[in-house]
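I opened this entry to keep track of what I looked up, beginning with a metal site and ending with a sheet.

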Amino acid sequence: MKITNAKVIVCSPGRNFVTLKIYTDEGLTGIGDATLNGRELSVASYLTDHVIPCLIGRDAHQIEDIWQYLYRGAYWRRGPVTMSAIAAVDTALWDIKAKAANMPLYQLLGGRSRHGVMVYGHANGSDIEHTVDEALRYAEMGYMAIRAQAGIPGLKKVYGVSKDQLFYEPADASLPSEHDWSTEKYLDHTPKLFEKLRDKLGWEHHLLHDAHHRMTPIEAGRLGKALEPYRLFWLEDATPAENQEAFRLIRQHTVTPLAVGEVFNTIWDCKDLIQNQLIDYIRATVVHAGGITHLRRIADLAAMYQVRTGCHGATDLSPVCMGAALHFDTWVPNFGIQEYMRHTEETDAVFPHDYHFDKGFLYAGEKPGHGVDIDEKLAAKYPYSRAYLPVNRLAHDGTLTNW
Ligand SMILES: O=C(O)C(=O)C[C@H](O)[C@H](O)CO
Ligand SMILES: [Mg+2]
């Protein structure tokens, strides 16, 4: 089956998405997500200008060979732009292969390992009370696992605190908006949030928290220790992971489980973390980590060290990525949890899909392929609109810090 054409579709139904569509001489098509939040057009160009010309005429079934061709062939390996572009090709080709086999994608990966995919939702509040109310609402909706983030007194804008009820959209302006930050205030406030959550919610639900790369390792150790009484499912992105060794220090101080990896692109970003058992959950996902083909390698390495998966699933990962991730999650033996930040109705209409939510689980559909399509006519009504992620400055002196 030959690849005859491929094109990139950039649209903005509420937020920007980049989608690759591949055509074959047998009439089958497949799509892959290539969205890189705040840097969308770089991946669109990488695909259009540098990848698509190399795809035409290749055998669509040779997914592994095409992956290696694009990874090794570029010479310039890794990085979010390259790996998101490769991921889009890989996802579209798995979609085509599964359609050709007339099977849902999870069947091709090795079949079903569980009845559904446990997901966590996002309870975001301007203060502790508001977050607790939101968490109770998520419990009411049937979620078994809830991520909790709260505004911090004295700080104007904090990661994870949203104006919307079900959506959180950090890419909020045509130039980066500025947030302020104080680790001292955060470290004082966060344990109080989880104390209140356990008090009001009880102990049946999993609780998660995202520190969004803001602490030093020793500060993260202190927070992990302070949160131990509230039995978190995980503390995410406690410290930046460019230096993978940094996690050793956190581990020496706390038994709160650690998750990291939404910004990882390859197995090399998490190799030391996994092999030294410095983390408990790996958060890499389809679109930013080289597609199903590469994510599977990461998961297999992780399985050897009892590290489980917890794929990133924020709104900037399109329903195409979510669909593919759910097939992956349905199969992967060392599954942990899947993030589920709901998309807006506009987004869902542009990307018709057959996955659905029921009582705390998402279920991949049974349609051949990954089960997600793009309505191109509707997509054309939402042109690209430049949007950046925020930057973050220390509240006391304005130093640029991690967002
Ligand atoms: O979903 C999460 O855990 C995030 O941290 C969301 C990220 O900030 C978002 O995907 C950045 O584009
Ligand atoms: Mg995160």
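Entry 1, donor spacing. I looked up how the donors of the magnesium ion (ligand 2) are spaced along the chain, and the pattern is D-x25-E-x25-E. The model is predicted, and I read the site with that in mind.

Entry 2, donor atoms. I noted the residues that coordinate the magnesium ion (ligand 2): Asp210 through OD, and Glu236 and Glu262 each through OE. The distances run from 2.0 to 2.2 Å.

Are Asp210 and Glu262 buried or exposed? I found Asp210 at 2% relative accessibility, so Asp210 counts as buried. Glu262 comes out at 12%, and because the cut-off for buried is under 20%, Glu262 counts as buried too.

I turned to an open sheet of three strands and wrote down its order, β1-β2-β3, with antiparallel pairing. Its edge strands are β1 (3-11) and β3 (29-33), each of which pairs on one side only. From one strand to the next, the twist averages 20 degrees.

Entry 5, one strand pair. How many bridges join strand β2 and β3? I count five for this antiparallel pair, with β2 covering residues 17-24. I also checked what faces Lys21, and the residue opposite is Ile31 in β3.

Key:
Residues numbered from 1 in each chain as written. Chains lettered and ligands numbered in written order. Predicted model: local features only at pLDDT ≥ 70, side-chain atom pairs only at ≥ 80, totals over all residues. Heavy atoms only, no water. Donors = N, O, S within 2.8 Å, 3.2 Å for Na, K, Ca; no water. Buried < 20%, exposed > 50% of the residue type's maximum accessible area, 1.4 Å probe, protein only. Pairing = 2+ DSSP bridges. Helix = DSSP H or I, 4+ residues; strand = E, 2+ residues; numbered from the N terminus. Axes fitted to C-alpha atoms, helices over the stretch in contact; angles between N-to-C directions.
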